[in-house]
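Here are some exercises to work through with the model on your screen. Try each task yourself before you read its solution.

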Amino acid sequence: MKHGASWGRYPTVEQDTIPLYWRDQPLPDKPSMLAYGQGRSYGDVCLNDGAVILPTANLQRFIQFDSDKGILRAEAGVTLAQILSLVMPKGWFLAVTPGTKFVSLGGAVANDVHGKNHHRAGSFGCHVSAFELLRSDGQRLLCSPEQNEDWFKATIGGLGLTGLISWVEIKLKPITSFHIDQQVCCFANLEEFLALNDVMERDWEYTVAWIDCLAKGRKLGRGLYMAGNHADDKELAIKTIDEPALTMPVDAPGFLLNRYTVKSFNTLYYQKPRKHVSNVHYDSYFYPLDKIAHWNRMYGKRGFFQYQCVIPMAKSQHALSQILQAIAKSGQASFLSVVKKFGENLPPGLLSFPRPGITLAMDMANRGDKTLRLLDQLDEITMQNNGAVYPAKDARMSGLAYKSYYPEWQTFSQYIDPKFSSSFWRRVTSSTGQQ
Ligand SMILES: Cc1cc2nc3c(=O)[nH]c(=O)nc-3n(C[C@H](O)[C@H](O)[C@H](O)COP(=O)(O)OP(=O)(O)OC[C@H]3O[C@@H](n4cnc5c(N)ncnc54)[C@H](O)[C@@H]3O)c2cc1C
């Protein structure tokens with residue numbers, strides 16, 4: 001067995017690896033397996049401690065591309081970066097993209113990922129027209145909104161538990177430029193963010209805000225709002241950027257990240273004079289973190305957690321204030337804290353995370369029990385306010401919390417392949433339900 005971990009580098013597990021090479025090959029005969037894309041999930045949804053993972057990186061062939069209609073069929077290991085390189089010069093873009101392009105198609109479907117245009121486009125799964133699901137008994141199910149509809153819904157956002165997705169067909173969106181027209185503005189607190197967002201999302205396709213997690217009192221929730229639209233300058237001839245420009249060479253020592261360094265960073269970031277309107281390359285706009293390979297090493301060997309929750313609109317201001325206050329009080333600073341409104345578009349998946357409300361995502365260095373206690377406290381707030389936490393970013397929520405966020409988990413269970421499992425699923429559905 002080999003040592004394994006995901007993007008957050010916590011937890012670490014011991015698992016066997018059996019790479020897949022061909023989409024028509026049968027699955028190995030193992031009692032517990034799990035597909036593994038690019039391991040860009042932060043916690044244990046892509047890990048299978050004591051059992052087998054099936055890396056899909058070699059399933060990287062394009063199958064069909066209709067460049068008139070913008071419909072692409074590709075093997076599930078193809079990454080979003082590879083798709084962009086193929087389709088952008090032909091005037092197409094991903095209908096929904098997460099904050100990194102180094103994820104696989106299968107991973108994007110299994111977590112039903114979301115992007116900065118959720119208020120307009122919904123989640124990734126809303127743009128999936130079909131996929132093939134391979135079960136451990138050899139059955140191949142063609143799934144679409146019309147065919148095997150229940151399997152379609154269970155597999156989108158199904159955390160890889162229904163079997164292996166061998167290929168996926170997606171609908172793309174037309175663009176006429178590689179550039180994004182961007183507008184950046186400041187807001188002084190959460191109330192201002194909500195008011196600003198109401199206005200901005202009418203005219204802007206992509207909206208997201210960075211929040212200063214350490215600001216307190218009247219400045220609680222201050223931040224920068226970043227809106228974007230695809231430009232119309234007809235520049236499609238620029239080369240796409242596939243390789244990171246920089247690499248984090250070693251693990252950062254723990255002392256580098258403390259409340260003072262983060263506070264200085266946040267204050268500088270907030271006060272940095274900004275051009276309010278600009279025209280930027282799509283790569284800088286959508287994937288700023290992809291420019292630094294292995295940026296996750298910044299948090300040192302103990303790794304880090306990401307906490308991403310969504311809170312229904314009516315309760316969002318109150319709950320987010322409580323969350324930000326708890327973080328500021330704990331002194332456990334977060335470099336990257338992002339807020340965004342999810343729209344009313346309901347996701348196709350039975351267990352999809354996105355739902356109407358405000359989502360807040362933040363990274364936190366792993367400082368052991370102290371951090372775990374804080375995250376439990378945040379879960380209490382999220383639960384009391386009928387919110388939910390994103391499994392793709394989670395490594396520690398209790399079974400109790402999971403079941404309250406995803407009451408459909410029992411309905412979903414009937415679709416789980418008997419030979420598929422994950423560390424995440426065992427953790428949140430263990431018999432005590434509490435871990
Ligand atoms: C910098 C960064 C930014 C991010 N930004 C966002 C964001 O904006 N929005 C968002 O939603 N997420 C975001 N994420 C999370 C990331 O998009 C998801 O975790 C995504 O699912 C990872 O894809 P992957 O290919 O790495 O899959 P993995 O992490 O390897 O696996 C994820 C899940 O997919 C399953 N899976 C993978 N391939 C298959 C397959 N072929 N068949 C069946 N199941 C499969 C796995 O079993 C696992 O359950 C971000 C992550 C990073 C590191």
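Two notes before you start: residues are numbered from 1 along each chain as its sequence is written. The model is predicted, so local features need pLDDT of at least 70 and side-chain atom pairs count only at pLDDT 80 or more, while totals for chains, interfaces and linings use all residues.

**Exercise 1.** Work out how helix 8 and helix 9 pack.

Step 1: Helices (H or I, at least four residues) and strands (E, at least two) are DSSP runs, numbered from the N terminus. Find helix 8 at residues 313-330 and helix 9 at residues 369-384.

Step 2: Their axes lie 10 Å apart, at an angle of about 165 degrees. Axes are lines fitted to C-alpha atoms, for helices over the stretch in contact, and angles run from 0 to 180 degrees between N-to-C directions.

Step 3: Helix 8 and helix 9 are therefore roughly antiparallel, a label for angles over 145 degrees.

Step 4: List the contact, in which C-beta atoms, placed from the backbone, lie within 7 Å. Helix 8 brings A319, Q322, I323, A326 and S330, and helix 9 brings L374, Q377, L378 and I381.

Step 5: Sort this contact by class: 6 nonpolar, 3 polar and no charged residues. Ala, Val, Leu, Ile, Met, Phe, Trp, Tyr, Cys and Pro count as nonpolar, Asp, Glu, Lys and Arg as charged, and the others, Gly among them, as polar.

**Exercise 2.** Describe the shell around the ligand.

Step 1: Of its 33 residues, G37, G99, G106, G107 and G160 come nearest. A residue is near if its C-beta atom, placed from the backbone, lies within 6 Å.

Step 2: Helix 2 gives the most, with 4 residues.

Step 3: By class, the shell has 17 nonpolar, 15 polar and 1 charged residues.

**Exercise 3.** Locate two backbone details, at P11 and N148.

Step 1: The Y10 to P11 peptide bond is cis, with omega near 0 degrees; P11 lies in the loop between strand 1 and strand 2.

Step 2: N148, although not a glycine, has a positive phi of about 45 degrees, and its place is in the loop between strand 9 and helix 4.

Note on methods: Angles under 35 degrees count as roughly parallel, over 145 as roughly antiparallel, 65 to 115 as roughly perpendicular and the rest as oblique. Two residues are in contact if their C-beta atoms, placed from the backbone, lie within 7 Å.
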